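Colleague: I would like to learn how to read an interface between two chains. Please show me the model, and we can go through it step by step.

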Amino acid sequence: MNKYYSEDALELGAVKVGQELTHLEKEPTLVDVVRFCAAIRNFHRFHFDQEFIQQHGIDGNIVPGFLTGNWCIEAVSRSFGAGHEISSLKFRNIATAPVGNHYRITGTVKELNAENNGAITCEVTVTDVSADKPVTTATVGLRQR
Amino acid sequence: MSLLTPEIMTWVGRSQEFKSDPISLSDARGFVASSGDDNPLYALPELGHSEDCDAYVSPMIYYAVTRPFVSSKDFAEDGTVMELRPLIGTGQTMGGSVSMEWLEPLKLGDQLHGKRTLASLNEKEGRKRTFVIAEWLTEYWDNDGNLKVRERYEQILF
């Protein structure tokens, strides 16, 4: 049985503005971050070189923005069942996301577009639970496959 | 003194074209494994994808497969690839906001042809330093000429 999608998977034709998405929890380790950097061929030293990032006034290594952005995509994907695909993502990292902290990804349905084959957009936030502050805000688009 | 010299400003409006290798099963596996987003829609047999999903891959993989392979001397001090961007301040960079639109899903075997244009450079005063926001607009097509991805990226240069 597929365990990717949430048990109460949403359907594009039946959602309402304000409806909540499945919550995700993430706690990326340095190994996770290094693996992701390799996968996207991004070797910015802020993500794995402790001494380098401290020279720039930041305490410890930070999670790549593309990873927190992908968490937002994942939250929307998991909330809706099979038969949907991501159509857009707009995200901004508003605070640094330290490696090893605990993050919660939450979101709601923001807009319905009945004219565009039932496509929707969702507002998603990545919150650093350890520091009690948001680190990434995003808008994710979804459409019927 | 402004970071934006007249020479640097001549970069605005310039475009670069590039081509990726075909998106491989290894690319797809690497992204899924490292991101944790094991969506069965993505074309990996171990995710149990169905045959009718036509070899979809993670949307964000377009970024990975279009990154250039360069020698160590072509990296800036911060570990980023110098590529074709104006040298501003110390030459370092951080990511700003990004927006992407996938007009069609990405699939295994897609070979992306990209065209990136520097749309603007704007200098800002931050709390700690002066920096520049570079706005890059990029479009990606597959080998059949289908426009697959549009991206707007604000890069912070300092």
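Colleague: How many residues of chain B are in contact with chain A?

Modeller: Contact means heavy atoms within 4.5 Å. Here 43 residues of chain B are in contact with 38 residues of chain A. This is a predicted model, in which local features need pLDDT of at least 70, side-chain atom pairs count only at pLDDT 80 or more, and totals for chains, interfaces and linings use all residues. Residues are numbered from 1 along each chain as its sequence is written, chains are lettered from A and ligands numbered from 1 in the order in which they are written, and side-chain values use heavy atoms, with hydrogens and water left out.

Colleague: What area do chain B and chain A bury between them?

Modeller: The size of an interface is often given as the accessible area lost when the parts come together. Buried area is that loss, taken with a 1.4 Å probe and summed over both parts. For chain B and chain A the value is about 3,400 Å², with 54% of it on carbon and sulfur atoms.

Colleague: How many salt bridges are counted between chain B and chain A?

Modeller: A salt bridge is a side-chain nitrogen of Lys or Arg within 4 Å of a carboxyl oxygen of Asp or Glu. The count between these chains is two. B:Glu154 forms a salt bridge with A:Arg92, and their closest N and O atoms are 3.7 Å apart.

Colleague: Which elements give two or more residues to the side of chain B that touches chain A?

Modeller: Helices (H or I, at least four residues) and strands (E, at least two) are DSSP runs, numbered from the N terminus. The elements are helix H2 (25-35), helix H3 (61-65) and strand S2 (93-102) of chain B. S2(B) gives the most, with eight residues.

Technical notes: Buried area = accessible area lost by both parts, 1.4 Å probe.
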